[in-house]
Amino acid sequence: MKSDDIKILQGVQKNTDMAMKAIESLCGKIYDDELAVQISRQGMKYAEIHNKATGKLLDEGAEGYQGSNVQDLMLKGAIMGNTLLNTSTGHIAEMMIQGSNRGITDMWKTINHNENAGNVSLEIAKELMDFEEKNIERLKKYL
């Protein structure tokens, strides 16, 4: 497996890991049942894509993405700060949309910096980006 493939798959792991942790931090703050179901479904799909990338890395004996405790604390702190005074459905949806936009941007950067990657890793990355775009569309109705 090329180093470009490894970096793309690690990027997928990083993005899905951040999304799953954000969802976990937000779950107790969502009071709209429909939005809660939507975000739970997103969490399951993120886990599926994360596992797909992890499986490919493990098959090749490559090392996966290792997040840091500092990043986790920063994410949770940002979510706490953003929801301290406002836990409205629209605000939660807006936060999720912003996260999806950051995820798409981050994946495009990763793809553009690793142009020698093969089809398999690119397909997984594009699956994640397509899913993020669909999430944005689904969440717009909650704004």
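**Helix contacts and the nonpolar core**

Reader: Which residues in helix 4 do Leu35, Ile39, Gln42 and Tyr46 in helix 2 meet?
Author: This is a predicted model, where local features need pLDDT of at least 70 and side-chain atom pairs 80 or more, while totals for chains, interfaces and linings use all residues. Residues are numbered from 1 along each chain, and side-chain values use heavy atoms, without hydrogens and water. Helices (DSSP runs of H or I, at least four residues, numbered from the N terminus; strands are E runs of at least two) are in contact where heavy atoms lie within 4.5 Å. By that criterion, the four residues named in helix 2 meet Thr89, Ile92, Ala93, Met96 and Ser100.

Reader: Are helix 2 and helix 4 roughly parallel or antiparallel to each other?
Author: Their axes, fitted to C-alpha atoms over the stretch in contact, with angles from 0 to 180 degrees between N-to-C directions, come within 11 Å and cross at roughly 20°. Angles under 35 degrees count as roughly parallel, over 145 as roughly antiparallel, 65 to 115 as roughly perpendicular and the rest as oblique. The relation of helix 2 to helix 4 is therefore roughly parallel.

Reader: How are helix 4 and helix 5 oriented to each other?
Author: Helix 4 contributes residues including Met96, Ile97, Met107 and Trp108, which meet a set in helix 5 that includes Leu122, Met129, Ile136 and Leu139. The axes of these two helices are 9 Å apart, and the packing angle is about 155°. Helix 4 and helix 5 are therefore roughly antiparallel.

Reader: What angle do helix 1 and helix 5 make where they pack, and is helix 1 roughly parallel or antiparallel to helix 5?
Author: With axes 9 Å apart, helix 1 and helix 5 pack at an angle of about 25°. That angle makes their relation roughly parallel. Ile8, Leu9 and Val12 of helix 1 are among the residues that make the contact, as are Ile124, Ala125 and Leu128 of helix 5. To repeat the two values asked for, the angle is about 25° and the relation is roughly parallel.

Reader: Which residues touch the most other members of the largest nonpolar core?
Author: A nonpolar core is a set of buried Ala, Val, Leu, Ile, Met, Phe, Trp, Tyr and Cys residues joined through side-chain atoms within 4.5 Å. Of the 35 residues in the largest such core, those that touch the most other members are Ile8, Val12, Leu26, Leu35, Ile39 and Met107.

Reader: Which elements give two or more residues to this core?
Author: The answer runs from residue 3 in helix 1 to residue 139 in helix 5. The elements are helix 1 (3-26), helix 2 (33-59), helix 3 (69-83), helix 4 (89-113) and helix 5 (119-139).

Reader: Is Ala53 buried or exposed?
Author: Ala53 lies in helix 2 and, leaving aside neighbours within four places in sequence, is in contact with Leu9, Val12, Gln13 and Ile124. Relative accessible area under 20% means buried, over 50% exposed and in between partly exposed (1.4 Å probe, protein chains only). At 0%, Ala53 counts as buried.

Reader: What are the relative accessibility values of His91 and Ser40?
Author: His91 lies in helix 4 and, beyond four places in sequence, is in contact with Asn82 and Asn86. Ser40 is found in helix 2, and its C-alpha atom is 27 Å from that of Leu58, 18 residues away along the chain. His91 is buried at 16%, whereas Ser40 counts as partly exposed at 39%.
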